[in-house]
Amino acid sequence: MANDTVRVAIIGGGLAGATLANALYKLPHIAVNVFESAPEFSERGAAVGLSTNAQAALQESVESLKEVLQKAGSVPIASTRLMIGSGPGAGSLLLDFAGMESEPELIVHRASLLRELLAPLPKDILHPNKKLTKIDTSGDGVTITFEDDTVSQFDAVIGADGVFGTVRSHVVKSDQDQDFSASPGGFWDCRVLAPFDIAKATLGEELFKLDRQYGWLGDGAFIMHDVLENGTLVQMVISAVERDPPKDRKRPLTREFLESTLSSWMEGPIAKGVIDLILEQPNPQGYSQWEHKQTPTYAKGRVCIIGDAAHATTPWQGAGAGQAFEDVMVLAALLKNRVTSPKDIDAAFLAYDAVRRPRGQQVVDSSRGTGTILCGMDPEAGLDPAKLMPALGPRWAFLELDPKAHIAAALEKVAEFS
Ligand SMILES: Cc1cc2nc3c(=O)[nH]c(=O)nc-3n(C[C@H](O)[C@H](O)[C@H](O)COP(=O)(O)OP(=O)(O)OC[C@H]3O[C@@H](n4cnc5c(N)ncnc54)[C@H](O)[C@@H]3O)c2cc1C
């Protein structure tokens, strides 16, 4: 029997939605459309680091990934150095992770990666200026309404609409006893880009001999910098412990505020220069890091959530985008191999939830703990180099994943829900 066409709406055209569209648009039995609330498909923010694990997941969904990453100006990270940034030991090297030449970690400008993920997609499946406002599953299929009052009908709806997404509130209902919406993770951060030559002149040549990522760990905060956009730009990040999260999730950054946050860093080699570079930007802001502390399901009937809509996390393990790519890899395999008509969707989405949710939650929880250590706030390790390495060393191992085995586990799960 020939497959029915299954009509799939992706809500949100960020990294998760665009990657899923790449995985689905060529499948003959799927008709996919992507709806984005912004007037154009675009990415805010500076860079995203792609671990080898994230690249392996992306590889499952994107044709010619190497070319996509090259066109996006990705830069291999030659090594990551972890340094002490504050106090008497400031400037000392804690650790140097050498990058693997054959499978390097990459750093890429977010806007450039999104541009290249969107490039192969047919223009007529991309719908900007379409803000989803309502989901109705009372009839046949899923009826979605947009802010402009237009209504469309689909067989399945996938929410890739980010940390404060509308689809999440359909899939996961909060009430007065349990709140499943995002909440502050305990840190804020600020990310800016500076031209390579200016960053090198301000922070010192020594730090730019190789395309290294530097992380400076210290009292109540963490500073990071890395080179991107084919070596022409430098991203700088200050993250710090947040004790009084502002309601609107952002704070203006002044010299007084930054110098008091980093008061025990000011005699060290990094904070002064990074503060100067941040204050050269127009209107610099610090943003609270928000996360989903609990999520009882990623799927409800023919509606599911992926990426930050499902498991927004603090960025301390550099794993948020990688998790979105893993969601896509699993969901696309299920839609390709286990869905031949709309009646198969519920079971496929439940299998997706069963395989992906424990891992998504593990990343959220582990990332918060890693932030505590990297800001020198771990009660055991503090800023003691001898204790920091044993505390940090094992925290990334669980992110390693065999993509084929993960997909196979999801495909096998479907039988349990059919
Ligand atoms: C500052 C920062 C640094 C990070 N660094 C890293 C890193 O180094 N490595 C890593 O792996 N991860 C990193 N992450 C995490 C990673 O970037 C995210 O996990 C990833 O981008 C999430 O993508 P997404 O598509 O799920 O969500 P988003 O990028 O938030 O996209 C959601 C999209 O949905 C649209 N939308 C929202 N509501 C609606 C609606 N109602 N209707 C239609 N469209 C809607 C939005 O406009 C947006 O385009 C970082 C995150 C941040 C914030």
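Helix α10 passes helix α11 in a right-handed crossing, where right-handed means that the near helix is turned clockwise from the far one by less than a right angle. This is a predicted model, in which local features need pLDDT of at least 70 and side-chain atom pairs count only at pLDDT 80 or more, while totals for chains, interfaces and linings use all residues. Residues are numbered from 1 along each chain as its sequence is written, and side-chain values use heavy atoms, with hydrogens and water left out.

**Helix packing**
- The axes of α10 and α11 (residues 345–374) lie 10 Å apart and meet at an angle of about 165 degrees, with axes fitted to C-alpha atoms over the stretch in contact and angles running from 0 to 180 degrees between N-to-C directions.
- The pair therefore counts as roughly antiparallel, a label for angles over 145 degrees.

**Contacts with the ligand**
- Around the ligand there are 27 residues, of which E36, G49, R110, D308 and A321 come nearest, a residue being near if one of its heavy atoms lies within 4 Å.
- Oxygen atoms of the ligand make polar contacts (pairs of N or O atoms within 3.5 Å) with the backbone of A321 at 2.9 Å, of G318 at 3.0 Å and of G322 at 3.4 Å.
- Taken alone, the ligand exposes 1,000 Å², and the protein buries 83% of that, as computed by the Shrake-Rupley method with a 1.4 Å probe.

**Where the shell comes from**
- The elements giving two or more residues to the shell are α1 (15–24), β3 (47–50) and α10 (320–337), where helices (H or I, at least four residues) and strands (E, at least two) are DSSP runs numbered from the N terminus.
- The largest share, three residues, comes from α10.

Conventions: A polar contact is a pair of N or O atoms within 3.5 Å; within protein, one must be able to donate a hydrogen and the other to accept it, and residues adjacent in sequence count only if both atoms are side-chain atoms. Angles under 35 degrees count as roughly parallel, over 145 as roughly antiparallel, 65 to 115 as roughly perpendicular and the rest as oblique.
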